[in-house]
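These are my notebook entries on a structure that I looked up part by part. I record each point in the order in which I consulted it.

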Amino acid sequence: MKTIVHVKLLLKITQEYVNAHFTFVFSLLFSLLFLAYSYNFSSQSWRPIILLFFFVYIITTVYVGFLTLRIKSDLAKFGDIQKTTRLFGFPLLLTIASGNIFSVSFAFMLVSKTKTAEYTFAAYAFITQLFIIGISALNLFKSYVTDTFLVAMGLFLILAIFYLALLVLCTKFVTAKDAPKWMIVPGILLVIATFTGNLFATLLGFSLIQKARKTNPSAIEKWQKMWQKILRNTMAVFGLFFIVFIFSLSVTSSWTFDYDFATKNNYGALLQTPSLEHPLGTDNYGRDLFSRIVFGAQISLIVGFFSTIIPALVGGALGAFSGYYGKATDNIIMRSLDILYAIPGILLAIAIIAAFGANTINLIIALSVGAIPTYARTMRANVMQLSNYEFVESARALGASDAAIIFKHIVPNSLAPMIVKATLTIGGAVISTSSLSFLGLGIEPHIPEWGNILKVGSTYLETHSYVAIFPGLCIMLLVLSFNFLGDGLRDALDPKTN
Amino acid sequence: MVILKNRSTTKEHVFFFTVYQKLMHLRPYMLLLFLLSILVHPFTYFLYRKRKNSHVYKQRFEQQCQHYKENGSYTKWKCAFVEQEQAKARFFGEQLSEQQLQTSATSLAEAKLQRIVEKDLANEGLYKQSYLQFFGQQLKKQSFIAITFVPAILFYVLLLLFANPFLQYVIERILQSFIVIIGVATLVFTILYLSPFDPARNLLGVEATPAQVANFNRIYGLDQPYLSQLWHALSGLFTFDLGTSFAGKEDITHSIANKFPITLEIALLSLLMAIAIAIPVGIISAVRPNSYLDYTFMFIALIGLSIPSFWQGLLFILTFALKLQWFPATYNPQNRLSLLMPVIVLGTSITASIARMTRSSMLEVIHEDYIITAKAKGLNEYKVITKHAIRNAMIPIITVIGLLFGGMLGGASVTEKVFNISGIGSYIVDKQFIPDIPAILGGVVYIAITISIVNLLIDILYAYFDPRIRSKMKKS
């Protein structure tokens, strides 16, 4: 009896097993989706490419199922995953070619016994880079590519190899507590690689430099602990991966994608169904939908980011003053914010845009104003709690000014709930942006933005439904990713609120 | 000065006095009460002056001071203060002259004397009375109330109303909502007033002569100063007379009244659907946390939260209306079935939010001590959950539902556009291109008022049902 309980517990806390289970379920789901889509009911025929995908995914699923059983028996027999089982993970790495992110990340997890945060960062930096290369390579089927295409692709390949090399180095030299001194050099290179938008590289570079310099062990430990908690949450990691991927794609798209495909009318190719030249088809002006969606990511991320950061700063400052000074200040600030809070965000945005016109800046302002009260409330609650702590008292006794106390002592300690809140509301901002664009109240219609594409798609719903389906799918995935990441961050940073 | 009698003859006496005392702690009420009883004040003030001249308090005060000075306590305190001041000067390395030392010690000693004497007199039942306190004391007298009841009727009505803490809470909450609504109307009007667009130009076209534009502005009062326009808009909102819209010349209140029911109907049906689905789902998830069922439910809930409603609407139209032809694609008042898709689309995100909220709230409650106690006493799980956990977990959920309802009414405009429903949301969107200031103002403010009323009702019900809030109100 005792051993059974022991094994059950072991299964629960062994990350590989949990992850294997998860990968199995998701691979199975995707295979079933492909199977359902592979048969065209209206024309009674099979879609060969989709069918091929189905076979690849179902084989992956079976293989993962086999690995799951093996891990389980290993844990039951030896209480640990054997080396041979880990070796079985290597063939699974090849599934990256099929775009199965679940199985690839599981494979990376399985093959290495030591899993520092750096190892995971390097693995995801590598996967992200390969995905970027894959997506950009689809441009090869177009009639022409941009001048910078070859250079950029070469750079991406070099970066991918660099990340792979670091992945191996991380398993060999980096431990949970420190890294060799020479790791500073790749660390700096990684931070420079941020300009491609691959934030996993930034994270990896930052933690390598931090570990190699060995200046502040407690900071390293804190950083490691936080990331271990976040990385343990599989969905949060996938959310982070998708966000970084979209971000990196929107940064690099200007080098590998031609903006003209997304905006110039091409009357020779109106409303074409998906093909290799136009992977997602074209719209009613013959504009390539794939390029439009890729460029649309830029707008969504920019608007989402600014309409989150502006109210977070303004609302945070108001909430901090309100919570710190209390009494009349608190009353005046919070009662005036109650007025803003009483109007639903999207209605206030509509009113502001009605008054000042529809363009990107106005949209950001309109979405920001409505979100101020929620941030102010979160910040105020934190500050009220914190301002009773001893460290605030001692800062006051040492003669620190009010501003110094608020911004040096209280605000840094109440950032965690704000970050969680911000992550969870970026998704909402992305949805609001596209909703307003869909109503004709957001981004100018000629700019490729997901809501604008959907607006066009809605008029061709009956005949060319793909125009409406793909951008919506992108919005949903991006918002879902932010929500997953937000949930993960909340569990990691702020366990009380869950 | 008055000698307090702790025993009062009848209950009625103390009633007005205690309520008065309670309200006098709050500054706004102090002012309000004073204003309402303004007719009585000349009379009572005269009484007060007359009483004050009787000097009993002053005499007794002097006497007590003399007593302390004579028995040597005063000199003792003074010496102690001198020592204290010297020690202070030594510590900070300051030089104090003898005279400075004496003055500060004397003032400190005087202050202490005053404090102690006041305390002594209070023990004897003697108070130095301000006018307002004197006025309060008068309320204990039946004869005083009888005489002043007619001139200060509003004053007594207020006291009667505020005698009950629950009633006081309700009145305060209503007042608060009213102020918020006025604030909302002012804010929305100001935003529209600041608009750089010119409705006259947009409607009359570029070729309109300046005279035509001026005429248009005069008809709709757009040439008046900000404050008069604001007053006009506010009074229009509360008298349900917003005039006619710029375009089409239709009566705005009338069109809003026509369009509001359908929006409200869809919103309420969505809310009902959300509650019916989300609460059981949340409870099941919380009772079996981290099970397959829980993961599946929460995953679906997160998808529901992440799906843009207009896209969901398009997908629904594509599958259920165009491909399967089960439901009509657009709303049609004659066909009740056409309401189904808009209701589901509008309710999806709120269902997801409530399910997630229910789960976390239930999980929190399930780990409380009283649940463990109930289990330890041998109650079966079903009873523990239904009788003890759910009732307590519902409290935060109801508030969240109120807040989400607001968001839902706001988001209705998108759903209405997708399904071509002529509700209030699509009305606002249609009017914003001109911009038709009174129409947008009316639409937004009436929605905000509805939301405020819903939240007000929820808060009041809350205060009524939650024993914790009730006891808190009574204590304060």
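Entry 1. I began with the UniProt record, an unreviewed entry, which annotates residues 297-486 of chain A as "domain: ABC transmembrane type-1". I kept in mind that the model I was reading is predicted.

Entry 2. I then looked up how chain A is divided. The assignment lists domain 1 (1-113), domain 2 (116-257) and domain 3 (259-497). I took the centres of domain 2 and domain 3 of chain A over C-alpha atoms and noted a separation of 25 Å. In the contact of these two domains, 20 residues come from domain 2 of chain A and 22 residues from domain 3 of chain A.

Entry 3. Which helices supply at least two residues each of the side of domain 2 of chain A that touches domain 3 of chain A? I found α11 (217-232) and α12 (234-256) of chain A. The most comes from α12(A), which gives 12 residues to this side. I also recorded the classes on this side of domain 2 of chain A: 14 nonpolar, 4 polar and 2 charged residues.

Entry 4. I turned to chain B and followed helix α14 (residues 252-287), which has 36 residues. From first C-alpha to last, α14 of chain B reaches 51 Å, close to the expected 52 Å. Where does α14(B) have a kink? I located a kink of about 30° at B:K259, shortly before the proline B:P261.

Terms used
Residues are numbered from 1 along each chain as its sequence is written. Chains are lettered from A and ligands numbered from 1 in the order in which they are written. This is a predicted model: local features need pLDDT of at least 70, side-chain atom pairs count only at pLDDT 80 or more; totals for chains, interfaces and linings use all residues. Domain bounds come from an automatic or database domain assignment. Two residues are in contact if their C-beta atoms, placed from the backbone, lie within 7 Å. Helices (H or I, at least four residues) and strands (E, at least two) are DSSP runs, numbered from the N terminus. Ala, Val, Leu, Ile, Met, Phe, Trp, Tyr, Cys and Pro count as nonpolar, Asp, Glu, Lys and Arg as charged, and the others, Gly among them, as polar. The expected span of a helix is 1.5 Å times one less than its number of residues. The bend at a residue is the angle between axes fitted to the seven residues ending there and the seven starting there. UniProt positions are given in the numbering used here, feature names are shortened, and annotations may be inferred rather than shown by experiment.
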